[in-house]
Amino acid sequence: MNLTDVDDRTIAAAVGKGVSLREHVDPFARAFEEDRDWLRIRPPHAQPRATEYVDAMIEVIQGLLDRGVAYKGEDGSVYFAIARFPAYGRLSQLDQRELRAGASERVSTDEYAKADARDFVLWKATRPEDEAVGAAWDAPFGRGRPGWHIECSAMALDLLRRRWGVDVLDIHAGAVDLIFPHHEDEIAQSCAYTGKDEFARVWVHGEFLDLAGTKMSKRYGNILTARDLREQGVDPGAVRHLLFNTHYRQKLDWSDTALSAAREGSARLGAFRDRLALAAGETDDPEAAAAADRFRTAFAAALDDDLNAPEALGALHVLVREGNRLLDEGRRLGPAVRAAWGLADEVLAVASSARARTVAAEALTVAEEDGIPVRPPEVPPADSADGEAWALRWAAVRATEKRKRNFAEADRIRDLLRGAGWEIRDRRDGAIDVVRDGR
Ligand SMILES: [Zn+2]
């Protein structure tokens, strides 16, 4: 996973703020890592930054000049000559676009119209604003800075060669809007340089995220960030549950309805995890072992089928439903179900981080005064660390009211707790689960 920390936009923003490129970019890189951790995404093995790989970029560009597929324009910049690379356009089915090769039709910005293909810039001759923010380097073909497209190719090739001695990626990922021209240009410059037929064996392109039916875009002002969700107290397990519920090749529609369904699904899984931890024994009931086996098969088949996460998630819910039923029947779940759960949790990590407390029926007693259970305050404690004790006391009051057949009051208490983020689930043996929801 690379960080293209020098391009037209970052330079313009640094100039606007009067800071160096590095000073402008670093807070974004840090925020990205924080969001990534919050979303339970493991850090990549390597996270190269473009500005630390300029030597590798210069080497690739020089190689392309030597092979005659790049040329220096009279503006001092270096361009890739798409006419010299016959395979140009294979990834994005370029025959639908107009090919505009040659010096009069080239483009020097990092992005250009999707409707036509032009010679693209590999190295941009330096401008005063680049120098001002520290985005200029010396090269045999003149002082300047890399174009955006070359950054990915050069970083990937450098790491692949040094670590594994190869120059073709197994899988290259990106969003659909990068297919053209960005990934097309990556292929052209990489393959022209390495002489290989392909730059990546498999391309994986994720579809867009819609917000309540409209494309999420800065232009429409309907942006929702991971940071917003975190600040709203949304459980990262619920976010992942929502994301995995749509195949990556399909547009994902983010809505309040989808989020609340995801919260419910994620909380159900979290509650099972807690039940399993409490109930898991040394051996599995044969039915439990069979359910774990069925899960493993279905889970692997779904993910092997072009990462069909919605189906994998469905298989997990089937396992949890069967596991809950067996636990309700007093049967044993053991190492087979634990291992199956562990696999799902490692791959999908969709369970809510909420934790459940199970309280046995005989512990659900509460002092009474004149035949009325003594109640804790209606308002939850300001310090959330005291919240669980408060919820447990209310849960005991509710159990007492239920025993006295004061069902309306018992329901009122359930709603009171729900409003404070606590869910009470009755169990068949009279015990209850007190669960903090995923907010
Ligand atoms: Zn890229």
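## A three-stranded sheet

Three strands form an open sheet with mixed pairing, in the order E10-E9-E11. Strands here are DSSP runs of type E with at least two residues, and helices are runs of H or I with at least four, numbered from the N terminus. Two strands pair if DSSP finds at least two bridges between them. Strand E10 (214-215) and strand E11 (252-254) are the edges; each has a single partner strand, so one side of each lacks a neighbour in the sheet.

Strand E9 (residues 209-211) pairs with E10 in the antiparallel sense, over two bridges. Asp 210 faces Lys 215 in E10 as its opposite residue.

## About the model

This is a predicted model, in which local features need pLDDT of at least 70, side-chain atom pairs count only at pLDDT 80 or more, and totals for chains, interfaces and linings use all residues. Residue numbers start from 1 along each chain as its sequence is written.

## A four-stranded sheet

Another open sheet has four strands in the order E1-E2-E5-E6, with antiparallel pairing. Its edges are strand E1 (70-72) and strand E6 (144-146); each has a single partner strand, so one side of each is left without a neighbour in the sheet. Neighbouring strands are turned by 20° against each other on average, direction ignored. The angles are taken between axes, which are lines fitted to C-alpha atoms (for helices, over the stretch in contact), and run from 0 to 180 degrees between N-to-C directions.

E2 and E5 run antiparallel and are joined by three bridges. Tyr 79 stands opposite Val 121 in E5.

## Two nonpolar cores

The largest nonpolar core has 43 residues. Such a core is a set of buried Ala, Val, Leu, Ile, Met, Phe, Trp, Tyr and Cys residues joined through C-beta atoms within 7 Å. A residue is buried if 20 or more other C-beta atoms lie within 10 Å of its own, exposed if 12 or fewer, and partly exposed in between, with C-beta atoms placed from the backbone. Val 60, Ile 61, Leu 64, Ala 70, Phe 80 and Leu 122 have the most contacts inside this core. Elements giving two or more residues to the core include helix H3 (54-66), strand E2 (78-80) and strand E5 (120-125).

A second, separate core has 41 residues, among them Phe 244, Ala 288, Val 320 and Leu 333.

## A hairpin

Strand E15 (residues 422-426) and strand E16 (residues 432-436) pair in the antiparallel sense over five bridges. Trp 422 stands opposite Arg 436 in E16. Five residues lie between the strands of this hairpin, where Gly 430 takes a positive phi near 90°.
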